[in-house]
Every structure is written in C-alpha cells, then in structure tokens.
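User: Could you walk me through this structure? I'm new to reading these, so please take it slowly.

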Amino acid sequence: MSSLIGFASLVLAILFNAYLIFSNFFIKNNGKVFNLFIRTSSVLTIISFFSLMFAYVVSDFSNFNVFQNSHSEKPLIYKISGTWGNHEGSMLLWVSILSIYGLLFSFTKNIDLKFKQETLLIQSSIHILFGLFIIFTSNPFLINSVIVEEGLGLNPILQDPGLAVHPPILYAGYVGYSIVFSQAIASLLNHNKNKDWISVAKKWSLISWTFLTAGIALGSYWAYYELGWGGWWFWDPVENISLMPWIAGLALVHSLLMAKGEQLLKKWIIFLSILCFSLSIFGTFLVRSGILTSVHSFASDASRGLFILLIFFIITGFGFLIFLLKTPESSKPINFLFINKASALVINNILMIIATLTILLGTIYPIIVEVLTNDRISVGGPYFNSTVIPIMIPGFLLMSIAPILSWQTNKVRNARLYVLGFVVISFIVLIQSYFSTFNTWGVLGLILGIWIILASCISIISSSKINYDFKLLQKINPYIAHIGVGVAIIGITCSSVFKNEYELNINEGDKFQIENTMISLEKIEMTNEINFQALRANFLIEKNKKIVARIKAGKNYYPVSKMITTEAGIFHQWYRDIYFIVGDQKDNNWFVKVYINPFVSFIWVGVLIMVLSGFIGISKR
C-alpha cells in the first residue's frame, strides 16, 4: 500500500508542476493560487519519499527496492538510511530536497512576484525532468513479482551512523544550487530588472555551500574511521566531484560579497550560479551512470546514465544559452586598483575556477582515454597534489590579506602589524622545522595556516568595537570563517606531511612502544551482534605506567551479504590520533598497522568553524 501511495504521490507532483508551467502561458495565476500549486507539489513529493521510508521501516519486502536493500534484522537507523542507500532511493531523496527548497522559497517575501514565480517555474521544470527520470529508469516503488519473506540486506559499508546522515546533508548542498541557478536564470529572463535577487541569492548560495561543506566533511571523516586506510582524502573521483561545486560555490559566495555599488559583478555571479548547479548535475551523472569505479558509486545502468546526461545537457545548455542571449548590461565599472578588495576577490575567484577545471580534467581524462582507446588508466593523488594545491595556495594568501584591503583605495590598514606578524610566524616555523623534520610543503602549509589565523584575529581586533552581541558576531563572521580555513590547513598539512606508519606482527599479551607511548595487545575476542559478527583486538595504551585508554579495532562479518569490513580503532588526542588497523592472523601472530596522525582533528575542527560561520551568515538579514 505504501508503494502505491508513494508512486501516485510522485506522479501527481509531476502533473501539478506540469500544469503550473503550461498554465503560466495561458492563465494569469495570482500569487495565492501559484503558491498553492507549488506547495502542494512539494508536499506530494515529500509524501512519496516518506512512503518509501515507511516501507523500509516496516520491512515491506513486497517492494522490490526494500527487498534488495534491507533486512528485517537491521537496526532501525539502517532501515531508515537504507531508503537513500541505493540508487533509486537516493534519486528520490534528490527530488525531495529539490521540492523542499522550492517550498521554502515560496515563502520568501519582499521580492518581485514575477521574479519569484519564474524562479519557481524553473524549479518545477527541473523537478519534472528528474521526476520522469525516476519513474522511467529508477522507480523505487516496483512490486516484487513473487512473495518473499526476507530481504538481501544493506551494503555493510553503508551501515554506519556517520554515513546514515552524510547523503542527506551532502544532497542539501548539491540540490541547493538549483534555487540559485533558478534565480540567476529568472533574473536574465526579467532583463535584470529586479535588483533584489542578488541579496536573496547570497543567502541561498551560502545555505548550499554550508551544507555541502558539512556533507563533504562528514564523508571525509567516515572514510577516515571506517575504510581503514588511515587517511581522510584519497582523491577518489567521487570525492573530486563533490569538491568541484564546493570550490565554485566558494567563488560564488565571495563574488556575492562584492555586490556593493560599483563592485557588482552580475555577469560573473550569474555564470557561477549556472556553473555550480551544472557541476552538481554532472557529478550526479558520473556517480549514477556507473561510468566511475568508486566506493561511493551505486549504479551501473547505461540507460540511467544517458538519461541523466540528457538532463545535464538540457539544463546546462539552457542555462548558458539564456546567459549568452540575455547577458545583463554592465553596471558601474569595477574599481580595480593595484591591490584592493575588488582586485583580490577577482584574482581569488579566477584561481578557484582554475583549480575546479584542473580537478575536472583529472577526473574525466581517464574516462575519455578509456572511451577512445579501451585502455583504463587512473589519475591519483600525485597529479592533484602537484596541480591543485599550488593553485590554491595563492588564493589562501589573498584570503589572509583581503580583510586589511580597502574597496576604494590602495591603502592597507595596519600594514606594519601584518608584515611583522607574517615575518615572526615564518621565522618561528623555519627554526622549528630546521631542528625537527624539515619539509618544504610542511613549512609552507604551517606558515600559511598560522598566518591566516593571526591575520584574521588582528582584523577582528582592529575592526570591531568592544560590544559583545550578535551583531558583532555577524560583523566579524567572515574572519571567523577564515580562522576555520587556517585551522583546517594546519590539520591537513600536519596529518599529510608528518604522518608516521608502523607495521607489526604481534600476539596477545605483547607490548610495543611507539614514540613516547607504550601499547599492548590485551586480547582478541569475537562477539555476535544483531546483524554481524565482530572480531575485536583490545589495545591498552599506557603513558607514564598508567593506562590512559582502551581502544578496540578489528573486523565485522555480515552473514547476509557475506562481506567483511574493517573497523579502525582510534585514540584521539588534541595534537594527534593513534590509529589502529588489525589484519589477518598468521602463525599465531596478528598483523597490526599503526598510524600516528598529528593534528588530524584540526581538519574537522576547522570545518566545524566554517560551517558555524556559514549558519551565522545565513541568519544575517
């Protein structure tokens, strides 16, 4: 019954959107009727999604999608997350989030009614395209042709609390750019008569970028503790796909900050708005077509890939065609000087787009080569580390000095203080590196991260009056975001450059010392959990002859899917992680790998600061 309700609701939602679009050409709908149709369509789509979720919760195996991706013995959280832990369900989640954005935007006030309606009509068109894609190629409401009493189970890799919330948050970022895209196209169709759309787009772009940041961070942390390889970023193609709209979205957020009088770059903002959503759809195509081999990829059906590729060309082609035909006229000229805020932001934007294109090239080049030559090649970390990072470093340097620049003049406020701070930081880091482990990238990363934090703190102190309230927090919010970037850079640098790895073959009761820490393998135990068998090695961590922690690491075996997953054990300290991986047993000894990851927690602390800063910016009126 729930499958029928879900399918009927989705079909009705598509029909409501179709009627709204076609009636717009023949009937003049007033605002109330228009909003009623939009909100009804949104509610119907949400009902469709929750109907599928209900089928998962009650283990309705008459639904083919539930049969393939769930099991009656699954914990409730994994029954719920199983709704989007597959291709069909994840695409329904995609459309549902699209509908939620349209629903929320329909309540926007103080903007031109025609502009608002055209924005929502574009959203409705996107809804129809993806709704038809679901119905014809990825229907999650198909009924089993035979009666079954049990399901096949969810992919064990996806059975993790972090990954349960990762896709919805990530999709909130991806799909959020649809509303920014729709506003940009609506502004072009209105010949840019509505001046308020920039301020409205600023908030929606920040919402999208904030959710995308949180989603990427959750995925990175999940890969760190779940996949058991000791790292947090692998330059996996699907990771790259999420990074591209993130960088382009960062350029868009910074461009929208320039929307002050003559600093208004309307053409560039519209271009970035189209680009961000196009990259999101292109990423959906690469993941859902099965053209990429990745731990994140769920589908391998060519017909689905072609359908999404067609949607990508329709939306992207339409967007850029409108952009070319109805490009807004330039407003007041931008006041470019040798070095001012406008110049710094434009250069920063250019660097970000170059970095985005570099990642895009490294991601799709193996696909192009395989299509042309039938030979499979891979482009990995060395390419991206040697190209993307050098491109981004000048952008981060500009970020650190941008707060002290002026919009109108070449004047640099408190220049001596900033120069002195930079020299002192550089000197301290160089001396410290000389007497420890000298690494050029490590030195550069530490100087950059510490400098961004110090420069942001100086800017906060020098530009703010002592008046501790929420308005002050909103005023200094950009500097807070930059502090988060600096903290993350320190974590990225230290965990990548100064990481240490140890491999051991030990038995129960053996002790070993790593750096200044004594570790012992206390025992190996096996337990039966609800839906898996767990093997755990219990490690005791001692310091100064005192036990400071007990850490478990091991493997899980899932009988339903007959898969084994690695479960890392991590001892978190503020300045490092001790990371344990347990391998196979041989000659009564267990293979154990230990990583020392210095300051790796700074990565997620920095991202958390950026996300909090994003929400502060969203709350600004």
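Predicted model: local features only at pLDDT ≥ 70, side-chain atom pairs only at ≥ 80, totals over all residues.

User: What order do the strands take in the open sheet of four?

Analyst: The order is S1-S9-S8-S7, and the pairing in this open sheet is antiparallel. Strand S1 (500-506) and strand S7 (569-573) are at the edges, and since each has a single partner strand, one side of each is left without a neighbour in the sheet. From one strand to the next, the twist averages 15 degrees.

User: And what about the open sheet of five strands, what's the order there?

Analyst: That sheet has the order S2-S3-S4-S5-S6, again with antiparallel pairing. Here the edges are taken by strand S2 (511-514) and strand S6 (563-567), and because each of them has a single partner strand, one side of each is left without a neighbour in the sheet. In this sheet the twist averages 25 degrees from one strand to the next.

User: Can you go through it pair by pair? How many bridges join S2 to strand S3?

Analyst: There are four bridges between S2 and strand S3 (residues 517-528), and these strands run antiparallel. As an example of a facing pair, the bridge partner of Gln 513 is Met 518 in S3. The hairpin of S2 and S3 has two residues between the strands, and in it Glu 515 takes a positive phi near 55 degrees.

User: Then S3 and S4, over how many bridges do they pair?

Analyst: S3 and S4 pair over ten bridges in the antiparallel sense, and they form a hairpin that has four residues between them. One of the facing pairs here is Met 526 with its bridge partner Leu 535 in S4.

User: Next step along, what joins strand S4 to strand S5?

Analyst: Strand S4 (residues 533-543) and strand S5 (residues 546-558) are joined by eleven bridges and run antiparallel. In this pairing, Ile 541 stands opposite Ala 549 in S5.

User: And which residue in the turn of the S5 and S6 hairpin has a positive phi?

Analyst: That residue is Lys 562, whose phi is about 55 degrees, and the hairpin formed by S5 and S6 has four residues between the strands. The two strands run antiparallel and are joined by five bridges; in S6, Glu 567 is the bridge partner of Gly 554.

User: Changing topic: how many cavities of 30 Å³ or more does the structure hold?

Analyst: It holds two cavities of that size. The second largest cavity has about 90 Å³ of space, and the residues that line it include Asn 17, Ile 38, Ser 41, Leu 98, Gln 123 and His 127.

User: Which elements give two or more residues to that lining?

Analyst: Those elements are helix H2 (31-57), helix H5 (87-105) and helix H6 (113-137). H6 provides the largest share of the lining of the second largest cavity, with four residues.

User: How does the lining of the second largest cavity divide into nonpolar, polar and charged?

Analyst: The lining divides into three nonpolar residues, eight polar ones and no charged ones.

User: Last topic, the aromatic rings. What count of aromatic pairs do you get?

Analyst: The count comes to 34 aromatic pairs. Ring pairs also link Tyr 221, Tyr 224, Tyr 225, Tyr 579, Tyr 595 and Trp 604 into a cluster, and Tyr 595 is the residue in S9 that stands opposite Glu 501.

User: And what lies over the face of Phe 107?

Analyst: Arg 39 lies over that face, at 3.8 Å from the ring centre.

Terms used: Residues numbered from 1 in each chain as written. Heavy atoms only, no water. 1 Å grid on protein atoms, 1.4 Å probe; cavity = no way out; pocket = protein on both sides within 12 Å on 5 of 7 lines; lining within 4 Å. Points joined across faces, edges and corners; volume = space filled by probe spheres on them. Nonpolar A, V, L, I, M, F, W, Y, C, P; charged D, E, K, R; others polar. Phe/Tyr/Trp six-rings, centres within 6.5 Å; stacked < 30°, edge-to-face > 60°. Lys NZ or Arg CZ within 6 Å of the ring centre and 35° of its normal. Pairing = 2+ DSSP bridges. Axes fitted to C-alpha atoms, helices over the stretch in contact; angles between N-to-C directions.
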